[in-house]
Amino acid sequence: MARNIIPSFSDLLQRMRARLFLSGGYGFGAITLLAVVVGVVVGYAAIGFYLAISLLLTFTFGVDEETLATGASSLDWWHLLFVPVIGGLVVGQLLRLHKRGQTSGVANVIEAAALRDSRIGLKDGTISAAATIVSLGTGASMGREGPAVHFGATLASFITRSLKLNPAAARILLGCGVASAVAASFNAPIAGVFFALEVIIGHYALQTFAPIVIAAIAGTVVSRIHLGNFPAFETTDYFITSFWEFPAFFILGIVSAMAAVVFMAGLRWADRMRDKWKAVPVWLQPAVAGIGIGSLALMYPEILSIGYEATSHALDGSYSLSLLLALIVAKIAATIVSYAGRFGGGVFSPSLFIGAMVGGAFGILAGSVFPDLASTPGLYAVVGMGAVASAVLGAPISTILIVFEITGDYNVTIAVMIASAIASVVSSLFYQRSFFLMQLANRGLQLDGGRATFLLKSATVGEHMSRDFYTVRDTDTAEKARELLIVQGGGVLVVTDETGKIVGVLSLNQMPSTVFSEGQEKERLVGEFTREVGQLLKTTEPLEVALKSLDLSGEEALPVVSPSQEDIVVGLIRHRDVMQEYTRALLETHGQNEPMNRIR
C-alpha cells in the first residue's frame, strides 16, 4: 500500500513543536519565533479585516470607507434606510451561531488573559469577526479596531492551543496578537505594544515586553507592505499659539471626560436593556436597530460605519460649530443604537469621532472668546480626540501614542497629554475607569486591578480561612491560655463565654510577664486580659474586605463567623495567608509562577 507522503496539518504542528521544544523547554529564541509567526498571521488578518469592510461598503453604498459620508449623502432615502436593516438581518443569523448571542471584543480578551489561561474559542472568534464585517459594511455606527484585536487574540490563542503551550507562554502570545492587530490597524507599532501591555497584560515585565515588541513590528511591516506607510488621518501641521492656552487644554480635558461619561453611560444602559429586551428575538434585534441607524443617517450620513471621513474633516476644521455639536449627539445615539441592537463593532473609532467633534467645537468657542491666544479648531480636535478616547478606553498612555501615530503630528504632544490625563482621571473618579471594565463589571467580573485583584474580590474569606485554632473561655486560667499559646507557637486564641459566643482574642503580648512566673499570678482569669475585636469577618465576604480590615486593625489574624451565627467563630483569617494568595496570583499574572520552559 502506498504511503501518504504529504503531511497533515497536525503532523506539521507536531514536528514544529518537537523542533522548538527538543530539550523539553524553550527560551527566548522559540518565543521570538512564535512572536514573529503570530505577528505576521495577525497582521494579515487585520488588513484582511480592513479590506473586507471596505469592499462591502463599496458594494452596499457604492463608496469606500474614506469617502462614505460624502457618497452616502447623495443616495436615495430608501437606500440609506434599508441597507442597515438588511445588514442587521444577516448579522442576526450569524449571532444564532454564537454561543453568547452577541459579538465579542476587547473585554473578552481581558477576561481570557486574566481568568481563562488566554483561551478564546476559534469558532466564536471567527463568527464575531464575520458579524463585525457585515455590521460595519452595512453602516452600523461602531469601530473595527476592537473586533480586530479580538480576532488577533483568537488566532494567537489557536496557535498556542495547537502547540499546547502553558498559560504563561499563552498569555505572552495573546499579547503579541493584540499588539500586532493594533499596530497593523493603525500603522502604529508603539501604540500596539503599549495597548497590549497596558490594557490586556497589565504589566511591563521584560520577558513579556520583548516578544510583544517583535510581534507589533511584524504586524506593522505586513501592513506597510500592502497598505503603505500612511497615518490613518492626514492632518496639517498644528502649533500651539501660546502657553496661555494650557488652561484651555485642562478645561477641554474636563469637557471630554463629561462626553466620555455620557457615552459610556449610554452604552451601559444599552448593555442592560439588551438582555431585558425579550419582545424581539435576538436574531431580529440587529435589523430593528438598523431602522434607527438608517433614520439617523438620513439626517447625518457622517455617523455611518467607522466615520473616519467625518473625523478627518473635524481635524481639518472644515465643520461649523452647529454641525459639530449635532454630530456629537448623533454619533453617540447611533453607537448606542448599534450596540443595543447587537451589531458587531468596537468603541475606539466612535470615541475618536466624538472626541474630534468635542475638541473642534471647543476650539471654535475658545477662538471666539480669545481670538489672539487660541490655536486652530483642528488642533483642539486632535486634543479632544485623544482625551475622549483615553477616558473611554481607560488607557491614556497607549491612546496618546495612538493619536500621535495615526496623525503623524507630534507638535501637540503637551496639549494631548494634559487633556488625556485630566479626562482619564475625571471619568474614573465620577464613573468608570474604562468601557471594557464596565462591560466586565456588568457580567460580575471586577478586573480593574487584573487577575490578582480579581482574586481578592471574587474569592471569599471562607475559602482561605484556617479552621485550625484554639479557643479558651473567659473563665479559664491564664496558665491554661499560656500553655495553648505555647503549643500553637504564638498567634492568638479566640476567647468565648460559656455559651460559645466570642468575647475577644488573646495573645502573648497581652499578658503580663508575671503570669509566667510561679505564684498566684498565673491563676488569674483569661477574661482579665482579653481584648475586644473591632470587626468580625463573615465567611461570605471577599478577601479584599479581609485585607482592608487586617491592615486597618493591625491584627495578625481576625476571627471569622458564619452569616447565620455572627457570634460563633468558625475560623481565623491570617494576614500572611491572604498576602500569600495575592502574591501567588500576582506572580502567575506576570508569568513567574509557571516556568516558561515547560509545556503542558
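These legends accompany close-up views of a predicted model.

Figure 1. The protein has 24 helices and six strands. Of its 600 residues, 56% count as buried. Take the contacts between residues at least 6 apart in sequence: 76% of these join residues at least 24 apart.

**Figure 2. Helix 13 meets helix 16 at an angle.** Shown here are helix 13, residues 308-316, and helix 16, residues 377-393. Their axes come within 6 Å and cross at roughly 130 degrees. Angles from 65 to 115 degrees would count as roughly perpendicular and angles over 145 as roughly antiparallel, so helix 13 and helix 16 are oblique to each other. On the helix 13 side, Thr311, Ala314 and Leu315 make the contact. Helix 16 contributes Gly378, Ala381, Val382 and Met385. Sorted by class, this contact between helix 13 and helix 16 has five nonpolar residues, two polar ones and no charged ones.

**Figure 3. Helix 14 and the residue that comes just after it.** Helix 14 covers residues 321-340, which makes 20 residues. From its first C-alpha to its last it reaches 29 Å, close to the 28 Å expected at 1.5 Å a residue. Look just beyond the end of helix 14 and you will find Arg342, with a positive phi of about 70 degrees. Arg342 belongs to the loop between helix 14 and helix 15, the latter spanning 348-369. Is Arg342 buried or exposed? Its relative accessible area is 6% and the cut-off for buried is under 20%, so Arg342 is buried.

**Figure 4. Asn187, in the loop between helix 8 and helix 9.** Most residues other than glycine have a negative phi. Asn187 is not a glycine, yet its phi is positive, near 55 degrees. You can find Asn187 in the loop that links helix 8 (167-186) to helix 9. Asn187 counts as buried because its relative accessibility is 9%, with the cut-off being under 20%.

**Figure 5. Helix 19 among its packing partners.** Helix 19 runs over residues 435-442 and is mostly covered, with six of its eight residues buried. Those buried residues are Phe435, Phe436, Leu437, Met438, Gln439 and Leu440. What do the buried residues of helix 19 pack against? Their partners are helix 5 (106-115), helix 9 (189-201), helix 11 (246-276), helix 14 and helix 16. At its start, a side-chain oxygen of Ser434 reaches to within 3.4 Å of the backbone nitrogen of Phe436. Gly444 follows helix 19 and has a positive phi, near 85 degrees.

**Figure 6. Tyr44 and its contacts from elsewhere in the sequence.** Tyr44 sits in helix 2, residues 28-61. Its relative accessible area is 42%, so Tyr44 is partly exposed. Which residues does Tyr44 contact, leaving aside its neighbours within four places in sequence? They are Val222 and His226. Tyr44 and His226 lie 182 residues apart in sequence, while their C-alpha atoms are 9.2 Å apart in space.

How values were computed:
Residues are numbered from 1 along each chain as its sequence is written. This is a predicted model: local features need pLDDT of at least 70, side-chain atom pairs count only at pLDDT 80 or more; totals for chains, interfaces and linings use all residues. Side-chain values use heavy atoms; hydrogens and water are left out. Axes are lines fitted to C-alpha atoms, for helices over the stretch in contact, and angles run from 0 to 180 degrees between N-to-C directions. Helices (H or I, at least four residues) and strands (E, at least two) are DSSP runs, numbered from the N terminus. Angles under 35 degrees count as roughly parallel, over 145 as roughly antiparallel, 65 to 115 as roughly perpendicular and the rest as oblique. Contact means heavy atoms within 4.5 Å. Ala, Val, Leu, Ile, Met, Phe, Trp, Tyr, Cys and Pro count as nonpolar, Asp, Glu, Lys and Arg as charged, and the others, Gly among them, as polar. The expected span of a helix is 1.5 Å times one less than its number of residues. Buried means under 20% relative accessible area, exposed over 50%, partly exposed in between (1.4 Å probe, protein chains only). A polar contact is a pair of N or O atoms within 3.5 Å; within protein, one must be able to donate a hydrogen and the other to accept it, and residues adjacent in sequence count only if both atoms are side-chain atoms.
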